[in-house]
Amino acid sequence: MEHIQQLFEQLFGTDWGSMLFVVVKTLALILAIVIPLLLGVAYLTFAERKVIASMQIRVGPNRVTFFGIPWLRGWGQPIADAVKAIMKEIVIPTGANKFLFILAPIITIAPALAAWAVVPFSPEMVLADINAGLLYILAMTSLGVYGVILAGWASNSKYAFLGAMRSAAQVVSYELAMGFALVCVLMMSQSLNLGDIVNGQQGDSFINWYLIPLFPMFLVYMISGVAETNRAPFDVAEGESEIVAGFHVDYSGMAFTVFFLAEYANMILVATLTSIMFLGGWLPPFNIEPFTMVPGFIWLLLKIAFVLFLFLWFRATFPRYRYDQIMRLGWKVFIPITLLWIFVLGTVMQLPVSVQESFPLNLWF
C-alpha cells in the first residue's frame, strides 16, 4: 500500500498525490464492502428458499442455472430474479407524490448500506475505525423508518398508509429495546468503538464472550432485530390477509426490489452486529490450535451465517403474531427486562473487587 501511495505522489505531486490516494483507497474499500454485501443479499434469498423448503420437505429453486452446468441447479435464481425486476415497469399510482414515491426506497436502503462503514471484519479490516462506531450505527439504523413512512404516505393509499403506521410503531418500539440491550454491551466494554468491544471479549475460550453474562440481552437483541427488520413472525406490516402487503403495496419493478434488498441488508447487518456484540466477532471459540489457525474474518462469517440461519428458522417455524401482541411484547416485556438488567449490571460493576474475584465475575469485569 505504501508503494502505491508513493507512486501517486510521484505522478501528481506530494499534496495532490496523497489526497488522490486517500480518495481511491476509500472508494476501493467501499466497493469491497458493497459488492459482496449485495451478492450476499441476493444469495440470502436463495438460501432462505432452500432452507425453508428443506424444513418443510419441499424442493425449492432447482431449475435456473449458469450456462447449463448441471450441479449449479438453482444458483442462477437470484440473477434471474434481478433481471426480471429490472425489466418490469415502475408504475406510479395516480395522485401519488412522485418525488417522495421514488425517494422512499432510497431512504430505506441508504442507511442499511451506510452503517457498514464502521463495521470491523478483523482487527485490520475496517473502513472507518471511529470511536463512536456504536452510536453511528444506532443513528443510521434508526433512519430506515422514515423510508417506510414516506412509502406509505406518498402512495396516496389508505392500505399502504396503514401498513406504514403499523411498521413505524413496531420499529420504534423494538429500537428502544435494542438500544437498551446495547447499553449493557457498552457498560461491559467501556467503549463505543466496535473493535474495542470485540477486543474486550478476548480470553481463553468463548466463556469470555458477552453472550454468557448478557444472555438475556442477547435474546432481546436477536428478537428485536427480527421485529425491526419486519421479518416473520413480526411481519405485521406485510400481513397479506389484513392490509394487502403493507406499505409497499403500490410499488413494482426495481422500486419494490430496493425495499426487498433493504430488508435483507438489514438482516445481514443485525446478524453482523449480534456476532460482534455478543459472539466475540472475529475471535475463535477456543484460543488454541487448530482454532487459532483459522483467519478471524472466517470466524466472523461463520457466526453471521449462524445468526442468519436463525432468522430463516424463525420464519419457517413460528406463526405471525397479532399486532397488539407484538406491541405488548416490546413495551411491557422487553423494555422492562433491559432496564432491570442495566440496573443489575451497574450494581455488579460497583461491587468491591474482592467480591467480584470470589465469583466468576472477574472473567468479564
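Since the model is predicted, local features need pLDDT of at least 70 and side-chain atom pairs count only at pLDDT 80 or more, while totals for chains, interfaces and linings use all residues. Residues are numbered from 1 along each chain as its sequence is written, and side-chain values use heavy atoms, with hydrogens and water left out.

Confidence comes first. It is given as pLDDT, the predictor's confidence in each residue, on a scale from 0 to 100. The protein chain has a mean pLDDT of 86, with 90% of its residues at 70 or more.

As for the overall make-up, the protein chain holds 14 helices and zero strands. Here helices (H or I, at least four residues) and strands (E, at least two) are DSSP runs, numbered from the N terminus. Of the chain's 365 residues, 44% count as buried; buried means under 20% relative accessible area, exposed means over 50%, and partly exposed is in between (1.4 Å probe, protein chains only).

Now for the packing. Two packed helices are described by the angle between their axes and the distance between the axes. The axes are lines fitted to C-alpha atoms, for helices over the stretch in contact, and the angles run from 0 to 180 degrees between N-to-C directions. Angles under 35 degrees count as roughly parallel, over 145 as roughly antiparallel, 65 to 115 as roughly perpendicular and the rest as oblique. A crossing is left-handed if the near helix is turned anticlockwise from the far one by less than a right angle, and right-handed if clockwise.

Take helix α4 (residues 98-114) and helix α11 (residues 253-278), which pack at about 20° with their axes 9 Å apart. The two are therefore roughly parallel to each other, and their crossing is left-handed. On the α4 side, the contact is made by A104, P105, T108, I109 and A112, and on the α11 side by A255, V258, F259, L261, A262, A265, N266 and L269. Sorted by class, the residues of this contact of α4 with α11 come to 11 nonpolar, two polar and no charged. For these classes, Ala, Val, Leu, Ile, Met, Phe, Trp, Tyr, Cys and Pro count as nonpolar, Asp, Glu, Lys and Arg as charged, and the others, Gly among them, as polar.

Next up are helix α6 (residues 144-154) and helix α7 (residues 158-189), whose axes come within 7 Å and cross at roughly 165°. That angle makes α6 roughly antiparallel to α7, and the crossing of α6 and α7 is left-handed. From α6, residues V145, V148, I149, G152 and W153 meet A160, F161, A164, M165, S167, A168 and V171 of α7. The contact of α6 with α7 has 10 nonpolar residues, two polar ones and no charged ones.

Helix α9 (residues 215-228) packs with α12 at an angle of about 60°, the axes being 11 Å apart. This makes α9 oblique to α12, and the crossing of α9 and α12 is right-handed. M222, G225 and V226 of α9 make the contact with V307, L310, F311 and F314 of α12. Here the classes in the contact of α9 with α12 are six nonpolar, one polar and no charged. L310 in α12 counts as buried, at 12% relative accessibility. The C-alpha atoms of L310 and V226 are separated by 9.7 Å, although the two residues are 84 apart along the chain.

The loop between α9 and α10 contains P233, and the peptide bond from A232 to P233 is cis, with omega near 5°. N230 lies in the loop between α9 and α10 too; N230 is not a glycine, yet it has a positive phi of about 60°. N230 is buried, with a relative accessible area of 8%. Another cis peptide bond joins E289 and P290, with omega about 5°, and P290 sits in the loop between α11 and α12. In the loop between α2 (14-55) and α3 (77-87) there is F67, a residue other than glycine whose phi is positive, near 55°. F67 counts as exposed, at 84% relative accessibility.

Conventions: Contact = heavy atoms within 4.5 Å.
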